[in-house]
Each structure stands twice: as structure tokens, then as C-alpha cells.
Amino acid sequence: KLDAVIDKIDAGDLTGALNKLQKDIFKKMDGIATTGSPDKNDWITDPDAQAQIYDLILDIIELLQA
């Protein structure tokens, strides 16, 4: 899924990349940040690993929005 985001960015489809991140990827790694524990649909269930990836994805979303 991250490869698809990179492909969209490379193709200049920043809106598509942003949508994929926000509506697909981000929702599958937000349990720790929103509830303190992994959600059932979270791909990464280790709290430390999820926190690191969550912050990176959030940074990418903010860059794409700018």
C-alpha cells in the first residue's frame, strides 16, 4: 500500500496519495494514538512501533496537504 502511495506521488497524483494515506493506511495504525491500545484493524500492534510509524505517516500527510 505504501508502494501505491509512492507511485501516486511519482505520477504527480498528490490528491490520490493523500486519500490513500488518510482513508486506507492511516486508519489501520491509529489505535494507540486514539484509544491507547491497538484497534482490531490495526496492522501494527506493538505500541512503540505503531507510534513511530503513526508519526511518520502523519508527517507525510501534512507535507502532502501543504
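K20 and D24 both sit in helix α2, which covers residues 14–25, and they lie four residues apart, about one turn of the helix; helices here are DSSP runs (H or I, at least four residues, while strands are E, at least two), numbered from the N terminus. An α-helix has 3.6 residues a turn, so residues three or four places apart point the same way. The side chains of K20 and D24 meet in a salt bridge, with 3.1 Å from N to O, where a salt bridge is a side-chain nitrogen of Lys or Arg within 4 Å of a carboxyl oxygen of Asp or Glu. Side chains of opposite charge can pair when their charged atoms come close.

This is a predicted model, in which local features need pLDDT of at least 70 and side-chain atom pairs count only at pLDDT 80 or more, whereas totals for chains, interfaces and linings use all residues. Residues are numbered from 1 along each chain as its sequence is written, and side-chain values use heavy atoms, with hydrogens and water left out.

How exposed are the two partners, K20 and D24? K20 counts as partly exposed because its relative accessibility is 22%, whereas D24, at 12%, counts as buried; buried means under 20% relative accessible area, exposed means over 50%, and partly exposed is in between (1.4 Å probe, protein chains only). D24 also forms a salt bridge with K28, the closest N and O atoms being 2.5 Å apart, and K28 lies in the loop between α2 and α3. K1, K20, D24 and K28 are linked in a network of salt bridges. Elsewhere, K8 forms a salt bridge with D13, with the closest N and O atoms 4.0 Å apart. K8 is partly exposed at 29% relative accessibility, and D13 is partly exposed as well, at 33%. By the rule given above, the count comes to four salt bridges.

Leaving out residues up to four places away in sequence, K28 touches N41, D42, W43 and I44, where contact means heavy atoms within 4.5 Å. The C-alpha atoms of K28 and K40, which are 12 residues apart along the chain, are separated by 8.8 Å.

Now return to helix α2 and ask which of its residues are buried. They are G16, A17, L18, L21, D24 and I25, and what covers them includes α1 and α4. Helix α1, residues 2–10, has an axis that comes within 7 Å of the axis of α2, and the two cross at roughly 160°; axes are lines fitted to C-alpha atoms, for helices over the stretch in contact, and angles run from 0 to 180 degrees between N-to-C directions. The helices α1 and α2 are therefore roughly antiparallel to each other, since angles over 145 degrees count as roughly antiparallel, under 35 as roughly parallel, 65 to 115 as roughly perpendicular and the rest as oblique. In this pairing, L2, A4, V5, K8 and I9 of α1 meet L14, G16, A17, K20, L21 and I25 of α2.

On the side of α4, the axes of α2 and α4 come within 10 Å and cross at roughly 145°. Here L14, A17, L18, L21, Q22 and I25 of α2 meet I57, I60, I61, L64 and Q65 of α4. I25, found in helix α2, counts as buried because its relative accessibility is 1%. Apart from neighbours within four places in sequence, I25 is in contact with K1, L2, V5, K20, W43 and I57. I25 and I60 are 35 residues apart in sequence and 12 Å apart in space, C-alpha to C-alpha.

Finally, the structure holds one aromatic pair. The rings of F26 and Y54 have their centres 4.9 Å apart and their planes at 25°, so the pair is stacked; rings of Phe, Tyr and Trp (its six-membered ring) pair if their centres lie within 6.5 Å, and planes under 30 degrees apart count as stacked, over 60 as edge-to-face and the rest as tilted. This pair links distant parts of the chain, with F26 in the loop between α2 and α3 (31–35) and Y54 in helix α4 (residues 47–65), 28 residues apart. F26 counts as buried at 15% relative accessibility, and Y54 counts as buried at 16%.
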